[in-house]
Amino acid sequence: MTAATLFVNPIYLSPTNQLWLMLPLLVTVAVIHKTMRTGDIRRLLRDVLALVAYMAAGTVVLAVVLWLVMTYWPRG
Amino acid sequence: MARRKTSNPHPALVLALGWLIPGAGHVCIGRAWRGVIIFLVIGATFWAGVGMGGVLTVDPATERWWFYSEMCAGAHGLVGWRRQHQFSRDIQKEVQEVLNDMPRVRSKAEEQEQRRFAEDSIQAERGVALVYPTDVVARAYAGVAGLLNLLCVFDATVLAAMGVRGEPHRRRDVEEGET
């Protein structure tokens with residue numbers, strides 16, 4: 001793919017691996033949130049890393065809970 | 001050290017600038033580094049979405065609600081919309097040429113169906129058709145960038161309305177000032 005078609009033609013994404021693309025989005029949300037909220041801008045990196053870890057862990061827990069519900073929920 | 005006295009910017013100005021140029025609202029209230037970070041991160045996220053989804057990522061006809069959130073990214077959203085608009089105009093010209101060559105249909109519904117089919121065919125031919133899962137990921141990136149900018153705009157506007165200017169005082173600075 002050339003640079004000229006990069007912002008014109010869509011790129012192919014594998015349906016099975018698309019969940020990994022959630023990680024950069026988590027980082028984006030964490031950076032923006034902490035940029036607004038942190039008291040000292042020099043602590044931004046540390047705060048962002050902590051929030052990304054927190055959000056990633058929360059997402060994994062949520063995924064496991066939903067998977068358990070989908071797998072073991074009694075069907076009528 | 002004496003501080004230069006500067007007047008607070010009007011919240012409406014902060015709101016407008018913060019929307020148009022992500023991060024500009026924070027720069028206006030004296031938080032320049034935060035503004036720069038917001039500008040870079042929101043721009044990168046929005047254009048990562050458009051890079052994945054192509055020119056039809058910002059599309060008011062197909063995905064209205066994503067389009068609204070993409071428009072919250074200010075200049076980025078407007079540029080994306082402009083590109084999509086120009087591209088769609090070219091596609092519509094081609095569609096009209098194709099329809100002129102086809103036999104006339106009686107009902108309006110059939111004509112719309114023909115038009116939609118021709119449009120889809122031309123998009124597929126040009127390789128710009130946005131399909132699953134790329135459409136979901138691309139619009140999520142561009143849309144989330146817009147929504148995050150909305151948060152930043154609200155933050156900067158509220159701070160401007162409260163008369164806050166500059167970085168918040170760190171605790172150590174305050175303690176040193178007291179002693």
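Biologist: Why is Ile37(B) called buried?

Modeller: Ile37(B) has 21 other C-beta atoms within 10 Å, and a residue is called buried if 20 or more other C-beta atoms, placed from the backbone, lie within 10 Å of its own, exposed if 12 or fewer, and partly exposed in between; Ile37(B) is therefore buried. This is a predicted model, in which local features need pLDDT of at least 70 and side-chain atom pairs count only at pLDDT 80 or more, while totals for chains, interfaces and linings use all residues. Residues are numbered from 1 along each chain as its sequence is written, and chains are lettered from A and ligands numbered from 1 in the order in which they are written.

Biologist: Where is Ile37(B), and with which residues is Ile37(B) in contact?

Modeller: Ile37(B) belongs to helix 3 of chain B, helices being DSSP runs of H or I with at least four residues, numbered from the N terminus. Beyond its neighbours within four places in sequence, Ile37(B) is in contact with Val31(A) and Thr35(A), where contact means that the C-beta atoms lie within 7 Å. Its C-alpha atom is also 9.5 Å from that of Pro22(B), 15 residues apart in sequence.

Biologist: How do you know how helix 1 and helix 7 of chain B run relative to each other?

Modeller: Helix 1 (residues 11-20) and helix 7 (residues 134-161) of chain B pack at about 160 degrees, with their axes 8 Å apart; axes are lines fitted to C-alpha atoms, for helices over the stretch in contact, and angles run from 0 to 180 degrees between N-to-C directions. Angles under 35 degrees count as roughly parallel, over 145 as roughly antiparallel, 65 to 115 as roughly perpendicular and the rest as oblique, and therefore helix 1 and helix 7 of chain B are roughly antiparallel. The contact has 9 nonpolar, 2 polar and no charged residues, with Ala, Val, Leu, Ile, Met, Phe, Trp, Tyr, Cys and Pro counted as nonpolar, Asp, Glu, Lys and Arg as charged, and the others, Gly among them, as polar.

Biologist: Why are helix 2 of chain A and helix 7 of chain B called roughly parallel?

Modeller: Helix 2 (residues 22-37) of chain A and helix 7 of chain B pack at about 5 degrees, with their axes 11 Å apart, and that angle is under the limit for parallel helices, so the pair is roughly parallel. Residues on the chain A side, including Leu25(A) and Ile32(A), meet residues of helix 7 of chain B, Tyr141(B) and Val144(B) among them.

Biologist: Which residues touch the most other members of the largest nonpolar core?

Modeller: Of its 43 residues, they are Cys28(B), Tyr141(B), Ala145(B) and Ala156(B), a nonpolar core being a set of buried Ala, Val, Leu, Ile, Met, Phe, Trp, Tyr and Cys residues joined through C-beta atoms within 7 Å. Helix 7 of chain B gives the largest share, 13 residues. Tyr141(B), neighbours within four places aside, is in contact with Leu25(A), Thr45(B), Ala48(B), Gly49(B) and Met52(B).

How values were computed: Helix = DSSP H or I, 4+ residues; strand = E, 2+ residues; numbered from the N terminus. Contact = placed C-beta atoms within 7 Å.
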